[in-house]
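I opened this one to see how the pieces pack. These are my notes, in the order I looked things up.

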Amino acid sequence: MTAAAEKAADDLAPGGRRGLFGDVSLVAEQQRTTTLPDAVRRCRWIAIDMNAAGFTLLFAESSLERPLLAPCFDSDYPEVSAATKLAAGPDRLMLARHARASSVPCWWSDMPGSASDAALSALRWANRIEPLMPGACGVAFPVHADYGRYGLVVFFGPDIMLDSEGLFDAHARCFSLFEAVARMRPGDSARVPSISKRELECLKLTANGYTSEEIARLLSLSVHTANQYLSNTTQKLDAVNRMHAVAKALRMGLID
């Protein structure tokens with residue numbers, strides 16, 4: 001069989017279809033998720049069903065002074081997309097608190113008058129929020145798992161189409177996906193480290209190129225105290241040095 005014939009057979013195979021991310025199998029989604037790439041594929045299938053251009057799965061931590069959203073993966077996996085950094089920014093405190101206290105989905109639209117805007121406006125049992133990113137529509141599904149772990153699965157794009165039935169179906173699949181990912185990261189390994197506001201401030205200034213002496217002067221601290229905050233953060237992030245801690249904090253969305 002030629003490559004073209006094999007491709008045509010795949011397109012016509014029972015349980016298969018094509019979407020924004022290529023061929024998918026409806027049966028495969030039901031198989032046990034054991035690795036992060038498996039989870040990314042499952043999330044792509046959910047995105048396809050609502051015609052979303054991108055997605056991100058975020059973990060949250062409720063024991064911090066401010067609940068933070070930390071990226072686990074997104075549609076640019078293994079990289080982290082600019083859209084995810086917007087969705088998980090430090091100014092998303094209200095969204096993180098909503099995810100902790102409620103399971104009601106949220107939606108936004110930065111495309112007034114579009115078909116996606118009309119479809120999302122018609123959704124029942126979903127709250128409208130301020131746009132998480134410009135030039136797109138999106139839906140954020142709060143999700144919860146054992147041991148108090150919670151987070152959000154976010155889908156976005158200019159052409160999202162979702163009705164109320166599709167909303168319930170997608171939310172159920174997001175819950176199942178989040179539980180599977182949480183099983184891969186048992187216990188506290190799925191949690192954002194408990195880092196204080198001052199420790200994050202010191203780390204963010206380090207990311208911007210400031211020395212310990214400059215950080216101490218800017219924050220009205222002693223040099224010893226500034227170094228101690230940075231040492232604490234390095235240990236909490238299980239990093240080998242300050243710059244490794246900065247890289248991990250950026251990856252987790254703790255700083256930007």
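**His98.** I started here and got 18% relative accessibility, so His98 counts as buried. My cut-offs, on relative accessible area with a 1.4 Å probe and protein chains only: buried is under 20%, exposed is over 50%, and partly exposed is in between. His98 has its place in helix α4, residues 93–101. For elements I take DSSP runs numbered from the N terminus: helices are H or I with at least four residues, strands are E with at least two. I left aside the neighbours within four places in sequence and found His98 in contact with Val104, Cys106, Asn127 and Pro142. Contact here means heavy atoms within 4.5 Å.

**Ground rules.** I am working on a predicted model, where local features need pLDDT of at least 70 and side-chain atom pairs count only at pLDDT 80 or more, while totals for chains, interfaces and linings use all residues. Residues are numbered from 1 along each chain as its sequence is written, and side-chain values use heavy atoms, with hydrogens and water left out.

**Overall numbers.** I count 10 helices and eight strands in the protein. Of the 256 residues, 46% are buried. Among contacts with a separation of 6 or more, 63% come from residues 24 or more positions apart.

**Strand β7.** How many residues of β7 are buried? I get seven of the eight in residues 137–144, so the strand is largely enclosed by the rest of the structure. Next I checked the pairing, which needs at least two DSSP bridges between two strands. β7 pairs with β5 (residues 106–109) in the antiparallel sense over four bridges. Cys106, already noted as a contact of His98, has Ala140 of β7 as its bridge partner. β8 (residues 150–157) also runs antiparallel to β7, and eight bridges join the two. In that pair, Gly138 stands opposite Phe156 of β8. β7 and β8 form a hairpin with five residues between them, and Tyr147 in the turn has a positive phi of about 65 degrees.

**Arg149.** I stayed in the loop between β7 and β8, where Arg149 is found. Buried or exposed? Arg149 counts as buried, because its relative accessibility is 6%. A polar atom of the Arg149 side chain lies 3.0 Å from the backbone oxygen of Ala182.

**α2 against α6.** The axes of α2 (residues 36–49) and α6 (residues 164–184) come within 10 Å and cross at roughly 170 degrees. For the angle labels, under 35 degrees counts as roughly parallel, over 145 as roughly antiparallel, 65 to 115 as roughly perpendicular, and the rest as oblique. The contact includes Trp45 and Ile46 of α2, and Leu177 and Val181 of α6. By class I get 11 nonpolar, one polar and three charged residues. In this scheme Ala, Val, Leu, Ile, Met, Phe, Trp, Tyr, Cys and Pro are nonpolar, Asp, Glu, Lys and Arg are charged, and the others, Gly among them, are polar.

**α7 and its cover.** In α7 (residues 197–207) the buried residues are Glu199, Leu200, Cys202, Leu203, Leu205 and Thr206. What covers them includes β4 (68–74), α8 (212–218), α9 (223–236) and α10 (242–252). I followed up α10: its axis is 10 Å from that of α7, at an angle of about 100 degrees. That makes α7 and α10 roughly perpendicular to each other. On the α7 side I find Leu203, Thr206 and Ala207, which meet Arg242, Met243, Ala245, Val246 and Ala249 in α10. This contact divides into six nonpolar, one polar and one charged. Just after α7, Gly209 takes a positive phi of about 95 degrees.

Asn51 has a positive phi near 60 degrees and is found in the loop between α2 and β3 (54–61). I get 33% relative accessibility there, so Asn51 counts as partly exposed. Ser220, in the loop between α8 and α9, has a positive phi near 55 degrees. At 68% relative accessibility, Ser220 counts as exposed.

Notes: Axes fitted to C-alpha atoms, helices over the stretch in contact; angles between N-to-C directions. Polar contact = N/O pair within 3.5 Å; in protein donor to acceptor, adjacent residues only side chain to side chain.
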